[in-house]
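Colleague: I am new to this structure and would like to go through it piece by piece. Please show it to me, and I will start asking.

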Amino acid sequence: MAKAYLSIEGVGVTFAKGAVRSEVLTGVDLKVDKGEFVSIIGHSGCGKSTLLNVVAGLVPVTTGAVILDKQEVNAPGPDRAVVFQNHSLLPWLSVRENVSLAVDKVFGGVKTAAERREWTLHNLELVKMTHALDKRPSEISGGMKQRVGIARALAMEPKVLLLDEPFGALDALTRAHLQDSVMEIHASLRNTVLMVTHDVDEAALLSDRIVMMTNGPRAAIGQVLDVALQRPRDRLAVAEDPTYIHARAAVIEFLYARRAA
Amino acid sequence: MTFPKPSFSPAEPVAAPVIAPPPPEPRASRGSEIVRRAGATAAAVVPPLLTVLAILGLWQAAIGDSYGGLPSPVQVWTESKDLILNPFFDHGGVDKGLFWHVLTSLKRVGVGFSVSAVCGVMLGVLIGSNRWAHRGLDPIFQVLRTVPPLAWLPISLAAFREAQPSALFVIFITSIWPIIINTAVGVRNIPTDYVNVAKVLRLSPVEYFFKILLPATTPYIFTGLRIGIGMSWLAIVASEMLLGGVGVGFFIWDQYNASRISDIIVALAWVGLTGFFLDRLVALLGHIVSRGNAAS
């Protein structure tokens, strides 16, 4: 097999708190190609967020390694931008400032001030948030906050975009809107995306592959499912598609029949 | 005399334009706006005013016109009329109007409190962000902060051998503890999300300090500063009583020795109102600095 863009090799994570050691992940192997959209799904507490944080560099591996674009990951960095579940925008900064903080830091030495301003605006346009540039996070809705979080992550031009249950806290309609936005952005930028989710429909609609995790402790990858659906995908058309229906059914079967919590 | 408007009025004006029909009659709405504002001001000013009147009435009724001991409000007025009506006179020495005494005390508080604000925030950041600094210093701070201001005075007099720096030190040592402790709590409560954002962006320690730590901790810092300025005002009055010279604390002590109790009562009103405005000033500053995000 050719070298993958993002390679998770034999990753195990053990948290030690005093004398108590809990093994969260064990022997996780996963290869992600450039431009691929991969979802990680599993029951609560199965360590899927831990796996994402390992790739982000926020949690150190106990065994194994993560290799991104031929380089080992051992610290957080803007090449692996994270969209956190609860948006994590800085409340004292405006929408524009939240994104420009990232842009100025990542491109401070590369782009001129005018280019950085332009790039900040461009990314806020991608997520359709230019109408609220000078609003503070407390003044916009949850869905909008998440859009700004996505814009901030995209603005770092990451090699891999990490989404940690990005739509988990949103209502169903807002979630659908944001999923469509993410699909559009993925179609135009061809980012490599790793997304943690607990929503079966979301995983089936957005992903090229769905990684299903077994229950923790000592969670591992139980099964990987290819979703061979044509892109662009339309949520209405896809609902009738046998490939989609099959993918959905397979994930549900894995989660609820074989690995019931 | 004016009272600062309360930051949250019960009748929020924001909702009104949304419900109102699109073309409101400008004149009628302006008139009703004035009435509403006047009503809100009256609601804020009238109850405390009535309370003050009631207290003065009770006080007058309880004491009457018996001479000796605590004077009644009427006696305070007749005996200290000059002091109340003219706070700006200056007859040289310590024979000055209350404004000058309060101003001298405020200058001392200004210096002592500024030093304790800077040192307090720095120490608070240190023990909030460093586990070993916390373990080493926090127990000591918890013990020292319970020492009363006046207990520091003989020690600082022995150390500095002069009244002025001793008074400043007492203000400093009294007001620094709430600043340290609140800052440390704020630093320890910085949400993990913000820290993760900083890590992903690879902010340098200096960038982290100014772009994440300081703004995230601002509401806590200002809570500490508010408590601190209140305590430093308590400390100045107490320490000036022992140190002498110009200052509202010494004024009170001096009038006590001269048995002019009614002058002391006037001075107490000045002390209370000054303390109140100091507190409001720091709260306002916190509101401006944190751009309205403070929890105050």
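This is a predicted model: local features need pLDDT of at least 70, side-chain atom pairs count only at pLDDT 80 or more; totals for chains, interfaces and linings use all residues.

Colleague: Which residue is the bridge partner of A:Leu161?
Modeller: Look across to strand 8 of chain A, where the partner sits. That residue is A:Val193.

Colleague: What is the strand order in the six-stranded sheet of chain A?
Modeller: This sheet is open, and its pairing is mixed. Its edge strands, each pairing on one side only, are strand 6 (82-83) and strand 10 (221-226) of chain A. Reading across, the order is 6-7-8-3-9-10.

Colleague: At what angle does helix 8 of chain A run to strand 10 of chain A?
Modeller: Helix 8 spans residues 242-258 and lies across strand 3 (37-41), strand 9 (209-213) and strand 10 of chain A. Angles here run from 0 to 180 degrees between N-to-C directions, and axes are lines fitted to C-alpha atoms, for helices over the stretch in contact. For this helix and strand 10 of chain A, the angle is about 170 degrees.

Colleague: Which strands stand at the edges of the four-stranded sheet of chain A, and why is one side of each left without a neighbour?
Modeller: The four strands form an open, antiparallel sheet in the order 2-1-4-5. Each edge strand has a single partner strand, so one side is left without a neighbour in the sheet. The edges are strand 2 (20-32) and strand 5 (71-72) of chain A.

Colleague: Which residue in the turn between strand 1 and strand 2 of chain A has a positive phi?
Modeller: Strand 1 (residues 6-17) pairs with strand 2 of chain A in the antiparallel sense over nine bridges. A:Val13 stands opposite A:Leu25, and A:Lys17 stands opposite A:Val20. The two strands form a hairpin with two residues between them, and the residue with a phi of about 65 degrees is A:Gly18.

Colleague: In strand 4 of chain A, which residue is the bridge partner of A:Ser7?
Modeller: Strand 1 and strand 4 of chain A also pair in the antiparallel sense, over five bridges. The partner of A:Ser7 is A:Ile67.

Colleague: Which helix gives the most to the lining of the largest cavity?
Modeller: A cavity is a set of points, on a 1 Å grid over the protein atoms alone, where a 1.4 Å probe fits but cannot get out; a pocket is an open set with protein on both sides within 12 Å along at least five of seven lines, and lining residues have an atom within 4 Å of a point. The largest cavity has a volume of about 70 Å³, where volume is the space filled by probe spheres set on the points, joined across faces, edges and corners. Among the residues that line it are A:Phe37, A:Leu161 and A:Val193. With three residues, the leading contributor is helix 5 of chain A.

Colleague: Which helix supplies the largest share of the lining of the second largest cavity?
Modeller: The second largest cavity has a volume of about 40 Å³. Its lining includes A:Val82, A:Arg152, B:Val197 and B:Leu201. Three residues come from helix 9 of chain B.

Colleague: How are helix 9 and helix 10 of chain B oriented to each other?
Modeller: Helix 9 (residues 192-201) and helix 10 (residues 205-243) of chain B pack at about 170 degrees, with their axes 11 Å apart. Angles under 35 degrees count as roughly parallel, over 145 as roughly antiparallel, 65 to 115 as roughly perpendicular and the rest as oblique. The two helices are therefore roughly antiparallel.

Colleague: Which helix gives the largest share of the lining of the largest pocket?
Modeller: The largest pocket holds about 920 Å³ of space. It is lined by 23 residues, with B:Val52, B:Val266, B:Ala269, B:Trp270 and B:Leu273 nearest its centre. Seven residues come from helix 12 of chain B.

How values were computed: Residues are numbered from 1 along each chain as its sequence is written. Chains are lettered from A and ligands numbered from 1 in the order in which they are written. Side-chain values use heavy atoms; hydrogens and water are left out. Two strands pair if DSSP finds at least two bridges between them. Contact means heavy atoms within 4.5 Å.
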